Amino acid sequence: MFKILKYSFYDLIRSRWSYVYFLFYLLLGFVLLFLNNDISKAIITLMNVIIILVPLISTIFGIMYFYNSKEFTELLLAQPIKRSSIFLGQYFGVAGSLTLSLVFGLGIPFVLYGLFKSDAIFDFTLLLVTGAFLTLIFTVLSFNIALSNENKIKGFGYAVLLWLFLAVIYDGLFLMSLIVFKEYPLDGFSLAATMFNPIDLSRTLILLKLDISALLGYTGAVFKKFFGTDQGLFISMFMLVLWTVLPIWRLVIISKKKDF
Amino acid sequence: MKQVVFLLILIFNLLSGVSQQPKRITVCETCELKSITEAIKTASDHDTLVIKKATYKEYNILVDKPLTIIGENYPVIDGEDKGEIIRIVSDNVTIDGLFIINVGTSYTSDYAAIRVVKSENFVIQNVVLEKLFFGIYLEKSNHGKVYHNKIVGDAQDEYNSGNGIQLWYSHNIEVSNNIVQGARDGIYLEFSHNVKIHNNKSTDNLRYGLHFMFSDDDVYTDNVFENNGAGVAVMFSKRITMKGNTFRKNWGTAAFGVLLKEINDAEIIENTFEENTIGIHIEGSNRITYKGNNFIKNGWGIKVLGACYTNTFSANNFLYNSFDISYNSKLNDNVFDGNYWSNYTGYDLDKNGIGDVPYRPVKLFSYVVNQTPEAIILLRSLFMDIIDFSEKVSPVFTPDNLMDINPLMTKVQ
């Protein structure tokens, strides 16, 4: 598995797209800081970028990589290598290189602008951790889609739809249901609904740091317990891990059964 | 000339009675006078009582003549939870440097560590109060000074705790440089006019840091109110001035930096509201000037609920609030002009420091949250941003004349 991981990783590290991705974040970080010169404001803007863009790029990158290296994968399948290590190796190679681009691309400008001296370091770390999780989750989701769809166009369509659904449509439906059922106590429901969408989940995690004062304005014991204590942070983190592990598990199962 | 003056003074002294020269009376464990109550009985008007360091187990000490009571090295007066400790019923009394603990708790009368009743020209300073019910209670007393005291309460429940400093029908009082914490309300005023509250620190109180009602023409400057149960509440008063105060970290479902209810003709200038759930909550308040305030990282910078007319907001900084302003109606009669908004995304092509596009501080999302509070969890989601954008382009739910026509491009210093 590690040999394949290493191979995929180096392959991607050498590829143009990783550099583009890395340079994009580098530029974004510098431009944001140059325009604002205020780390806490830059972090808020960055949060908006990360929770939308990271899933989109991970999804598309993941699905493209899978379809592109299909012939190579089939070649590997002919060798006496465990199937799970082929797919996991490729997956971690892609996700690893994407995460690395993100962390370095954003990390370098912020460190240069004096992140270590500001009190925003915890917020920033949280941002990077969330970004890394989103990369891991959306890459594995796209791998799942690619594995289940032989047709490239179809797979691509599903992947984009998945992103659109989780990033925008889900929140719309969520809001609609909140408005329709507003006579009922909804705090439990709204927290649960957040857990079922990794983008919402990471948004909540960041809100916990940035907008805690607004979140505490709502009257509700469940909310108060979730946002007012460390419980919220732990549960959200745990759910993010679950969101990563479960699709990986499915990836392994499907890849074992699939007839190539 | 000098001689004439000297002679005059001499004659005046003779006439006013030399025998009434103010004395110094010392109270200590080994002195002739061992209790403060006894000492007050033997003292005559305008005497000075010096209390040496010791523990005096006394309560219901009645100060009924003009005396100066000075503690040396903070002598302890322990009320043993039996009732009120010092009651002042005479004019011109000074209390200085005492350490008072264990005030009794009662559900029928408001026991206080120091109570001033219908007296004038009093000074209460350098007093430390602990384990109290009410701290300093001024009742129908005018022209006094409460200066540099420290009040540390241990209030657990609202129903069996009292206020740190309470003014009731007391006018022309100066309350300055006090530290109040852990009481029910830090500083409480009712029917008290022309009061100056300056440079106090009111923190960690159970209910309000500062609470006042029916008190006109009062001035509040340079105070700090932090981490109080519900922040600061200001109600039913006219012509008040709040300047240079700091309201910080008042978190909770009903917590405000400041709650303004039925306040008219006030001035709120150069205050800082930082990390409160709601910076200022306004209800039925008219003709108020908000100028040069900083609203930093609040949940809601300003929340306006009904019937607020002709208020002006100018030269304020709104920095990184989750919501800058929230309205619950479509009507607007308030003016927003020349503020700095960190959420402003416009441009300044003519470089005059004023944005060329007006800023709309009320977002549709804040309207949605007013309707369905649970929706707060969708804060900063892409979907909400899209809806907010469409509302910004053509306002339907939010007041369409509510905007800052001259948003500043840089922070007000």
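User: Let us begin with chain B. What share of its 413 residues counts as buried?
Analyst: In this predicted model, 45% of the 413 residues of chain B count as buried.

User: What is its secondary structure like, in helices and strands?
Analyst: Chain B comes to 4 helices and 39 strands. Its C-alpha atoms fill a box of roughly 85 × 60 × 30 Å, taken along the principal axes.

User: Which domains does the assignment give for chain B?
Analyst: The assignment gives domain 1, covering 21–214, and domain 2, covering 230–413. The C-alpha centres of domain 1 and domain 2 of chain B lie 40 Å apart.

User: How many residues of each domain are in contact with the other?
Analyst: In chain B, 8 residues of domain 1 are in contact with 8 residues of domain 2. On the side of domain 1 that touches domain 2, there are 5 nonpolar, 2 polar and 1 charged residues.

User: And the largest nonpolar core, how many residues has it?
Analyst: The largest nonpolar core has 183 residues. Those with the most contacts inside this core are A:Tyr91, B:Ile85, B:Ala113, B:Ile114, B:Ile136 and B:Val232.

User: Then let us turn to chain A. How many helices and strands has it?
Analyst: Chain A has 12 helices and 0 strands. Read along the sequence, its pattern is therefore α-α-α-α-α-α-α-α-α-α-α-α, and its radius of gyration is 20 Å, close to the 18 Å that the globule rule gives for 260 residues, so chain A is as compact as a globular protein of that length.

User: What are the box and the buried share for chain A?
Analyst: The C-alpha atoms of chain A fill a box of roughly 60 × 45 × 30 Å, taken along the principal axes. Buried residues make up 43% of its 260 residues.

User: What about contacts between residues that are at least 24 apart in the sequence of chain A?
Analyst: Among the contacts in chain A between residues at least 6 apart in sequence, 82% join residues at least 24 apart. In chain B, counted among contacts between residues at least 6 apart, 46% join residues at least 24 apart.

User: How many residues of chain A are in contact with chain B?
Analyst: 30 residues of chain A are in contact with 27 residues of chain B. On the chain A side, α3 (39–68), α7 (152–180), α8 (187–195), α9 (198–210) and α10 (212–215) each supply at least two residues.

User: Which helix gives the most to that side?
Analyst: That is α7(A), with 8 residues. By class, the side of chain A that touches chain B divides into 14 nonpolar, 9 polar and 7 charged residues.

User: Which residues of α8(A) are buried?
Analyst: A:Asp187, A:Ser190, A:Leu191, A:Ala193 and A:Thr194 are buried in α8(A). Seen down the helix axis, the buried residues of α8(A) fall within an arc of 160°, so they line one face of the helix.

User: What covers them?
Analyst: The cover of the buried residues of α8(A) includes α7, α9 and α11 (221–228) of chain A.

User: Now some single residues. Is A:Leu128 buried or partly exposed?
Analyst: A:Leu128 counts as partly exposed, because it has 17 C-beta neighbours inside 10 Å, whereas a buried residue needs 20 or more. A:Leu128 is placed in helix α6 (residues 121–148) of chain A. Leaving aside its neighbours within four places in sequence, A:Leu128 is in contact with A:Val103, A:Leu106 and A:Gly107.

User: And B:Leu98, where does it lie?
Analyst: B:Leu98 lies in the loop between β8 (94–96) and β9 (99–101) of chain B. B:Leu98 counts as buried, because it has 26 C-beta neighbours inside 10 Å.

User: Which residues does B:Leu98 touch?
Analyst: Not counting residues up to four places away in sequence, B:Leu98 touches B:Gly71, B:Tyr74, B:Pro75, B:Ile77 and B:Val127. B:Leu98 and B:Pro75 are 23 residues apart along the chain, and their C-alpha atoms are separated by 5.7 Å.

Note on methods
Residues numbered from 1 in each chain as written. Chains lettered and ligands numbered in written order. Predicted model: local features only at pLDDT ≥ 70, side-chain atom pairs only at ≥ 80, totals over all residues. Core = buried A, V, L, I, M, F, W, Y, C linked by C-beta atoms within 7 Å. Buried ≥ 20, exposed ≤ 12 C-beta atoms within 10 Å, placed from the backbone. Contact = placed C-beta atoms within 7 Å. Domains from an automatic or database assignment. Nonpolar A, V, L, I, M, F, W, Y, C, P; charged D, E, K, R; others polar. Rg over C-alpha atoms; globule rule 2.2 N^0.38 Å. Arc of directions from axis to C-beta.
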